Amino acid sequence: MMARETTAPSVSFIIPVYNASAYLERALDSVSGQSMRDWELVIVDDCSTDGSDEIIRRYAERDPRIRVRFRPTNSGGAFVPRREAAEMARSSLIAPLDADDWIGPDYLANLYNRLRETASDIVFPTMHVCDPVRPFTIPALEPLQSMTGTGRDMVRLTLGDWLISANGGLIRRDLYLDCIARVKRRSFIYADEFLTRVLLINAPRVTVSPEPYYFRPNDTSVTHRESSRMFDLLTGDALLAEYIASEYPEGSEERIKMEFQRFFNIVGALRRYNKVSPRLTAFGRRKVRIMLERAYAGIDWNLLRRSAGWKYPLLMRAGLRPAAMFLKIYDSLRGK
């Protein structure tokens, strides 16, 4: 533990780090360069082996606002170190930042002012996805980049597709810690996406800002590796569907959009399984098949009739194996 006791700052940046040495300095420099100076940075390193720890030590030694924890064991994902950083934070406001992303110099000042002007519990920035082939922003539509409302109403903008960004931002620390405690299962790689919906549902007032948050797509992340963990999205959907069902009435737009999301993620998982199954271990293949079977058993066909058209539901009604075989042939013919 590297920590310094000083007066509580206005905002606590929190960064979980694991083997991010290629990008970490840009993230840390973007925090150090903020025009609003009243901040602290809490970093939790999750047993990095690529020299990230040395970069962290160097920055912490030269700036007393940086506090660090080096975990004794790897947690297996960003959720736990992010939670520990939030617990260490001394401000009533936290600003999450991923170790391979970065922000502009007026990011904190603009979000802080926006949060105070709107009396919000959360303010989210506009995410600039820095894809070298196809860069884009979330939200893509300008009206959504300055909207304010209840978090419960905004949840629908995250189902089926992410129409608002949930990366970065400013969040009330007590709300963040309360919502983290509601996430009982944390070992799957989509736990942060689940947490975002929990935060929104429990936030009385949420606003969006046009202030940019620069997101770097990472092709080496767990979601891109050929392992059974690629299919954790099915687990996340099951947990999210259960939570949405407990919070919204039957027949609501949120329930319908959630079922739409679950269904098409199952279709996508079948397509992905067709491609990677020969390279998975026997245990991995069995694990994924069980995940698919459980997800399939939970489909609400009555809801789908109103939201998913007819083609894919008709195909999937035949069962997982026939559907997988058809998709394999269809995708092969189309060169996918």
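Guide: A polar contact is a pair of N or O atoms within 3.5 Å, where, within protein, one must be able to donate a hydrogen and the other to accept it. Keep that in mind as we look around this predicted model.

Visitor: Thanks! Which backbone nitrogen does the side chain of Glu 259 reach?

Guide: That of Asp 300, at 2.8 Å. Glu 259 itself sits in helix α9, which covers residues 253-276.

Visitor: Is Glu 259 buried or exposed?

Guide: Buried means under 20% relative accessible area. Glu 259 has 6% relative accessibility, so Glu 259 counts as buried. Leaving out residues up to four places away in sequence, Glu 259 touches Gly 298, Ile 299, Asp 300, Leu 303 and Leu 304.

Visitor: What is Ile 122 in contact with?

Guide: Setting aside neighbours within four places in sequence, the partners of Ile 122 include Leu 115, Leu 170, Leu 175, Leu 199 and Val 206.

Visitor: How do I read empty space in a structure?

Guide: Rolling a probe the size of a water molecule over the atoms shows where empty space is left. In this model, a search of the whole structure turns up 1 cavity of 30 Å³ or more, and the largest cavity has a volume of about 30 Å³.

Visitor: Which residues line the largest cavity?

Guide: The lining is made of Leu 234, Asp 237, Ala 238, Arg 262, Ile 266 and Ala 295. Helix α8 gives the most, with 3 residues. By class, this lining has 4 nonpolar, no polar and 2 charged residues.

Visitor: And what is the volume of the second largest pocket?

Guide: About 330 Å³. Its lining has 15 residues, and those nearest the centre are Arg 185, Leu 234, Thr 235, Met 291 and Arg 294. Both α8 and α10 (282-297) supply at least two residues of this lining. Sorted by class, the pocket lining has 7 nonpolar, 2 polar and 6 charged residues.

Visitor: What should I look for in the backbone?

Guide: Look for exceptions: most residues other than glycine have a negative phi, and most peptide bonds are trans. Here a cis peptide bond joins Ile 138 and Pro 139, with omega about 0°. Pro 139 belongs to the loop between β7 (136-138) and β8 (148-149).

Visitor: Which residue has a positive phi of about 45°?

Guide: Asn 19, although it is not a glycine. Asn 19 is found in the loop between β1 (11-17) and α1 (24-32). With a relative accessible area of 29%, Asn 19 is partly exposed. Ala 119, also not a glycine, has a positive phi of about 50°.

Visitor: Where is Ala 119, and is Ala 119 buried or exposed?

Guide: Ala 119 lies in the loop between α4 (107-118) and β6. Exposed means over 50% relative accessible area, and Ala 119 has 58% relative accessibility, so Ala 119 counts as exposed.

How values were computed:
Residues are numbered from 1 along each chain as its sequence is written. This is a predicted model: local features need pLDDT of at least 70, side-chain atom pairs count only at pLDDT 80 or more; totals for chains, interfaces and linings use all residues. Side-chain values use heavy atoms; hydrogens and water are left out. Helices (H or I, at least four residues) and strands (E, at least two) are DSSP runs, numbered from the N terminus. Buried means under 20% relative accessible area, exposed over 50%, partly exposed in between (1.4 Å probe, protein chains only). Contact means heavy atoms within 4.5 Å. On a 1 Å grid over the protein atoms alone, a cavity is a set of points where a 1.4 Å probe fits but cannot get out, and a pocket is an open set with protein on both sides within 12 Å along at least five of seven lines; lining residues have an atom within 4 Å of a point. Grid points are joined across faces, edges and corners, and a volume is the space filled by probe spheres set on the points. Ala, Val, Leu, Ile, Met, Phe, Trp, Tyr, Cys and Pro count as nonpolar, Asp, Glu, Lys and Arg as charged, and the others, Gly among them, as polar.
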